[in-house]
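Subject: Structure for you to look at

Hello,

Here is the structure I said I would pass on. Please open it first, then read the notes under it.

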Amino acid sequence: MSVPSPLFVRHVASPIGIIQLTSTEKELFSARFAENEQEKDSPDFPSCLQDAETQLKEYFDGQRHSFDLPLHTQGTVFQQQVWQALQQIPAGRTDHYLGLAKRLGNAGAVRAVGVANGANPWMIMVPCHRVIGAQGQLVGYAGGLWRKKWLLEHEAKMSGTYQTALFNE
């Protein structure tokens, strides 16, 4: 994957850590948790980066269930299909890898769906955290399982589908 230039950087505080947003002049390039070293915020940044920050704040305030942002399309055709399918999972709901593979017309592509899910550069905005194990267990999230659980519980509360035991733990 080639990295476009220039990239603009903005850090957003959230209840689950600092999120580093990067964008081109017109599209969001990535949204990842900034665990350790952070690049400095760009002194000037495009409106798409401001829109991403605003929408993230609305999401964490419980006012937004999905995101409407221009994304810098990267990855294989299959990855892009998986990322589009992820955006179809409503807040407060989950799916599993086999379910996504079947929706994409290839039940045998479960592992490939998992790899594409893990390669998603727009954590939260393209809701890879809404994918759980086939038996309802909490599995795989690059931001950490504790964040995945927090996000799913947050969305369940927002959508009114909150349960005391959301996962088979």
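Helices (H or I, at least four residues) and strands (E, at least two) are DSSP runs, numbered from the N terminus.

Before the rest, note that this is a predicted model, in which local features need pLDDT of at least 70, side-chain atom pairs count only at pLDDT 80 or more, and totals for chains, interfaces and linings use all residues. Residues are numbered from 1 along each chain as its sequence is written, and side-chain values use heavy atoms, with hydrogens and water left out.

Strands E1 (residues 8-14) and E2 (residues 17-23) pair in the antiparallel sense over 7 bridges; two strands pair if DSSP finds at least two bridges between them. They form a hairpin, with 2 residues between them. In E1, 6 of the 7 residues are buried. Buried means under 20% relative accessible area, exposed means over 50%, and partly exposed is in between (1.4 Å probe, protein chains only).

Helix H4 (residues 110-118) has Val113, Ala116 and Asn117 buried. These residues lie on the same side of H4, because they cover an arc of only 100° around the axis, taken from the directions from the helix axis to the C-beta atoms. Arg111, Val115 and Gly118 are exposed on the face turned away from that side. The buried residues of H4 pack against helix H2 (77-86), helix H3 (97-103) and strand E5 (131-132).

Cys128 is in the loop between H4 and E5. UniProt lists Cys128 under "active site" in an unreviewed entry; such annotations may be inferred rather than shown by experiment. The relative accessibility of Cys128 is 5%, so Cys128 counts as buried. Leaving out residues up to four places away in sequence, Cys128 touches Leu86, Asn117, Asn120, Tyr141 and Lys148; contact means heavy atoms within 4.5 Å.

Finally, the domains. An automatic or database assignment gives the bounds: domain 1 is 8-61 and domain 2 is 77-159. Their centres, taken over C-alpha atoms, are 21 Å apart. Each domain gives 16 residues to the contact. The area buried between them is about 1400 Å², with 66% from carbon and sulfur atoms. That area is the accessible area (1.4 Å probe) that two parts lose on being put together, summed over both. Ile16, Phe33 and Tyr59 supply 48% of what domain 1 buries against domain 2, more than any other three residues.

Regards
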